[in-house]
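Here is a short report on a two-chain model.

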Number of protein chains: 2
Amino acid sequence: MKLDKLVGDRFKERPSDCAIDSHALMVRGGYIKYVANGIFSNYPPLKRVTRKIEQIIREEMDAIDGQEVMFPVVMPASLWEESGRYTSIGSEMVRFTDRGKQPLVLGMTHEEAAVQLVREYANSYTKYPFMIYQIQTKFRDEARPRGGLIRVREFTMKDAYSFHTSQEDLEEYYKRAHKAYENVYRRCGAPNVISVKSDNGIFGGSVSHEFMLLTPIGEDSIAICKHCGYTANVEAAPSIITNVRDDASEPLTEVNTPGCHTIEEVCEFLKAPVEKSLKAVIYQKNTDDSFVVVFLRGDLDVNETKLTNYLGCDIRPAVIDEECGLQAGFIGPVNLVVNGEHTVLFDSSLKGANNLVCGANKVDFHMTGLDMERDCADVEFRDLAKIIDGGVCPECGEKTVGISRGIEVGNIFQLGTKYSKSMGMTFLDKDGKEQTPIMGCYGIGVGRLAASVCEASHDDYGPIWPMAIAPWQVHLCAVRADDERVKAAADKLYGDLQSAGVEVIYDDRNVRAGVMFSDADLLGVPLRVVVSPRNLDEGVFELSSRDKSLSEKLTPDGAVQRLRELIAEMMNK
Amino acid sequence: MKLDKLVGDRFKERPSDCAIDSHALMVRGGYIKYVANGIFSNYPPLKRVTRKIEQIIREEMDAIDGQEVMFPVVMPASLWEESGRYTSIGSEMVRFTDRGKQPLVLGMTHEEAAVQLVREYANSYTKYPFMIYQIQTKFRDEARPRGGLIRVREFTMKDAYSFHTSQEDLEEYYKRAHKAYENVYRRCGAPNVISVKSDNGIFGGSVSHEFMLLTPIGEDSIAICKHCGYTANVEAAPSIITNVRDDASEPLTEVNTPGCHTIEEVCEFLKAPVEKSLKAVIYQKNTDDSFVVVFLRGDLDVNETKLTNYLGCDIRPAVIDEECGLQAGFIGPVNLVVNGEHTVLFDSSLKGANNLVCGANKVDFHMTGLDMERDCADVEFRDLAKIIDGGVCPECGEKTVGISRGIEVGNIFQLGTKYSKSMGMTFLDKDGKEQTPIMGCYGIGVGRLAASVCEASHDDYGPIWPMAIAPWQVHLCAVRADDERVKAAADKLYGDLQSAGVEVIYDDRNVRAGVMFSDADLLGVPLRVVVSPRNLDEGVFELSSRDKSLSEKLTPDGAVQRLRELIAEMMNK
């Protein structure tokens with residue numbers, strides 16, 4: 001198409017409200033338009049990108065025997081009551097009533113709808129396994145949308161649901177889905193996507209993987225072992241700490257630590273290494289406001305995902321008042337006083353440690369010489385800490401774990417029977433016995449993937465789209481389109497490329513070359529052809545690639561052929 | 001794909017809750033699954049049909065320079081407040097608030113979003129004309145969903161919006177859009193779609209057309225002139241009545257009509273033709289409950305769309321109580337008493353009439369000899385009646401209008417400046433003067449079109465899908481798949497067809513031929529190939545078409561080639 005008719009503005013200035021580059025470039029390049037918090041309209045260039053991503057996803061889902069279906073965006077609350085999630089999910093799910101006062105919800109995921117669609121159909125083992133998927137709009141009322149399309153409230157998602165008669169069958173299919181996901185990212189030209197073990201959150205189930213595009217602006221922290229290649233979301237990675245016990249345990253001694261509130265201050269004051277300290281982190285349960293005291297080694301942080309999973313309820317940082325008995329800044333395991341219902345937990349990092357500094361439960365006092373075995377006998381230790389950079393790899397045991405940042409661009413879950421069971425889905429097995437099917441689910445956010453690729457592949461001037469998902473394949477610039485020779489040659493090339501099935505955007509505006517090229521940079525089309533008076537004097541067109549790896553002259557006769565070859569090469573098939 | 005893995009059940013019995021054939025067949029054939037009132041999930045065969053329809057629509061929209069975009073499903077109420085529709089649209093629009101108490105709506109149409117997307121961009125006449133469209137989920141909280149996918153609450157729609165600098169330019173584009181719509185229906189194989197002038201309802205604007213698929217189960221009534229081909233929705237068609245005045249007017253005389261309440265009863269009692277009577281129809285305004293009395297000729301019906309448009313507010317049939325002064329069953333224009341605020345209207349059908357029977361505003365009394373010119377001088381007449389079968393054509397003036405039923409499968413509107421003006425969208429014209437752009441909008445419901453084609457093209461056994469939108473192109477049946485020869489030949493043909501890019505569904509189940517064929521009928525695939533022991537004895541496969549127009553033998557060597565030829569022929573390109 002002609003650039004002068006392309007709907008949407010392109011401009012130079014970085015909008016002040018854009019914290020990350022892909023967001024700024026998508027606004028500057030005429031890809032997205034803000035409608036409301038976390039809600040955007042898509043201009044034509046982005047729609048072209050996402051349609052290509054959707055088609056790649058569709059092909060890969062079909063290749064693993066997926067069948068495309070369509071679930072509703074609006075669902076009756078009753079469906080979500082069957083699974084129990086109508087009450088267990090909080091305000092991120094939109095609830096409303098229709099004109100007949102029937103309660104409805106906006107779909108934020110479709111496990112319930114998937115089971116509802118197939119539970120009568122899949123009543124015999126002969127129907128299994130099967131997988132259904134859709135590509136559709138979802139709405140989650142996120143508390144903090146951010147980063148343009150990275151975290152939004154309304155988004156297009158491919159969600160897939162597989163059904164199996166055994167765990168083995170699920171696991172086999174799960175591997176195929178994992179491979180299909182790798183294909184999707186490779187074909188979309190998304191560099192640096194790795195799969196990591198993850199926490200399952202609201203979806204339930206046991207094994208799951210997130211696909212992470214590594215980038216410093218990512219919201220997630222990922223543990224990657226440099227030695228064996230183990231990867232996991234920090235939320236899900238076990239924290240392994242082996243304490244070396246001092247030969248002799250010193251006596252437990254109260255010491256005055258005036259004005260020392262944080263564990264770092266205390267350790268510095270007492271000249272103790274922070275690894276030889278115990279700190280307390282206090283939460284309150286959202287369900288009953290009761291206090292949760294977590295003790296762990298002073299140099300570590302609480303992994304709130306692990307803590308929430310262990311407690312089985314949501315938590316928040318505690319507000320410590322006088323009534324509760326806790327002495328903020330001086331809390332320790334010996335002589336601990338907490339009024340009312342409460343929970344006290346010890347992280348594994350404390351196991352076997354001695355000669356620790358800790359709070360004395362008394363204002364301006366700490367203790368030295370804490371010996372966990374002697375002074376806190378009989379406590380249970382649990383893994384409640386975050387894995388640290390330089391920590392022990394849970395797979396190979398080496399101290400080679402590094403922490404990277406990533407954007408989650410997809411996830412796959414072994415759901416088990418959470419939904420099939422609660423929603424009464426059964427099948428008759430070979431022996432005529434009633435069984436509950438086992439499910440997997442598999443998601444990719446289309447817009448987030450587009451934005452992530454932009455984040456991972458751009459320069460200061462715009463996105464550098466991979467060929468397979470670029471809005472167009474060739475960007476044709478007629479520099480000095482008011483020159484008849486230029487106009488004629490460029491028009492002809494435009495026509496020839498269109499006839500050859502090449503997706504071409506054609507800029508024949510009477511504007512300065514600088515304006516033309518900065519617009520081309522913002523559209524990020526992989527191949528650029530410039531027709532100009534100077535080039536025509538030489539009898540050539542000028543070809544360059546958006547990523548600057550390629551620059552050559554094309555003869556007018558050979559241009560279409562050469563461009564087609566390059567496009568095919570750059571397709572990541 | 002293999003039929004034995006196709007998700008969804010097919011069965012023989014017509015579900016009792018299906019009033020129309022397409023609904024019953026879509027349930028029986030495993031196309032749709034009821035989720036809630038007016039909300040369905042789509043099984044794979046329907047998803048395949050709708051994706052093909054979407055692709056045809058997309059190609060035709062691109063061919064008239066449309067640019068595909070994506071608007072949000074969830075929109076802030078503020079956007080709809082700008083246009084005034086937040087208050088003017090009733091309970092068919094879903095309203096809710098998010099976690100931050102911001103009011104949001106579910107998109108039921110996207111004029112506001114379209115203007116919001118382009119109003120900064122399109123600030124100069126050089127950007128015009130342009131058209132943007134999307135294919136997306138919409139939700140309208142219909143009071144009475146019915147007929148399966150014919151009238152639903154959630155649906156996928158293509159909606160397009162064009163922007164122009166002049167009415168002439170809009171009209172020129174409107175013609176192109178009209179042609180593109182004709183192409184869509186032709187390519188989808190929808191028979192018998194005609195375009196009719198329509199009422200503009202909530203969209204505003206002046207000229208508009210509906211595309212109607214003619215079928216007796218249609219919800220809309222369409223006036224079609226058998227003489228000149230004029231077509232219009234009955235809601236929008238002018239009603240033209242020319243009364244022949246009797247030479248002499250009789251005196252106005254009160255007569256006793258005991259027990260006669262309807263105009264038909266009165267006319268029969270008084271032996272007057274119903275065309276020589278005046279009847280009253282009473283409404284109340286929804287805004288202030290005031291009464292609206294409409295007088296029209298006894299043989300006609302009120303066109304409530306015309307009445308609503310004239311009054312500028314919604315109405316409902318009146319509840320006549322004693323206080324209002326009206327004598328239900330005996331209401332007439334002479335000595336009419338209505339207490340409180342009210343409106344009295346006369347339909348054009350009464351103009352010039354004399355010697356009419358009418359109510360006397362007195363229980364058990366009517367009048368004869370009413371002369372409109374003499375007894376109701378100075379009243380204004382307006383067109384408020386429905387056009388009748390055999391009525392006068394507004395175009396050619398002949399009494400050749402017939403009334404047909406149709407399903408609206410698309411509509412196009414000349415919107416004018418309703419949205420651009422209210423939302424403050426302007427552009428600078430050639431002279432640097434600020435102007436308001438003129439808009440058109442263009443909609444097609446994808447699911448409804450699929451169901452309408454099914455309604456128009458089916459038999460007792462299932463849909464007869466046109467090739468271009470059929471879920472598959474070829475249905476391959478291996479009758480006696482337990483016979484090794486059959487299995488081998490059918491497997492080979494299946495593989496060859498797939499390699500040739502033919503969309504084939506393959507039934508190699510060990511079931512009776514009858515079961516196989518009734519499943520094939522329900523899937524409605526246009527071409528069927530049967531491989532059976534008997535055929536193989538003859539050295540052939542058996543080919544037939546779903547519409548029974550074709551039946552021939554295929555040689556194993558020539559089968560793929562012949563099928564590809566037929567598919568190409570049947571594509572309605």
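β4(B) and β6 (residues 103–106) of chain B pair in the antiparallel sense over three bridges. Strands count as paired if DSSP finds at least two bridges between them. Strands (E, at least two residues) and helices (H or I, at least four) are DSSP runs, numbered from the N terminus. P76(B) has L104(B) in β6(B) as its bridge partner.

The sheet is open, with three strands in the order β4-β6-β5 (chain B) and antiparallel pairing. β4 (74–76) and β5 (95–97) of chain B stand at the edges with a single partner strand each, so one side of each has no neighbour in the sheet. From one strand to the next, the twist averages 40°.

## Basis of the model

This is a predicted model: local features need pLDDT of at least 70, side-chain atom pairs count only at pLDDT 80 or more, and totals for chains, interfaces and linings use all residues. Residues are numbered from 1 along each chain as its sequence is written, while chains are lettered from A and ligands numbered from 1 in the order written.

## Symmetry of the copies

Chain A superposes on chain B by a rotation of 180° with 0.1 Å of shift along the axis, at RMSD 0.2 Å. In chain A, F96(A) has the C-alpha nearest the axis, 3.1 Å from it.

## The interface

Chain A gives 41 residues to the contact, and chain B gives 41 residues. Contact means C-beta atoms, placed from the backbone, within 7 Å. Elements of chain A giving two or more residues include β1 (32–36), α2 (44–63) and β7 (130–139).

The side of chain A that touches chain B has 24 nonpolar, seven polar and 10 charged residues. Ala, Val, Leu, Ile, Met, Phe, Trp, Tyr, Cys and Pro count as nonpolar, Asp, Glu, Lys and Arg as charged, and the others, Gly among them, as polar.

## Helix packing

The axes of α2(A) and α11 (residues 446–456) of chain A come within 9 Å and cross at roughly 110°. Axes are lines fitted to C-alpha atoms, for helices over the stretch in contact, with angles from 0 to 180 degrees between N-to-C directions. α2(A) and α11(A) are therefore roughly perpendicular (65 to 115 degrees).

## Domains

Chain A is divided into domain 1 (16–223 + 404–455), domain 2 (253–382) and domain 3 (472–569). The bounds come from an automatic or database domain assignment. Over C-alpha atoms, 66 Å separate the centres of domain 2 and domain 3 of chain A.

Methods: Copies are superposed by least squares on the C-alpha atoms of residues with pLDDT of at least 70 in both. Two residues are in contact if their C-beta atoms, placed from the backbone, lie within 7 Å. Angles under 35 degrees count as roughly parallel, over 145 as roughly antiparallel, 65 to 115 as roughly perpendicular and the rest as oblique.
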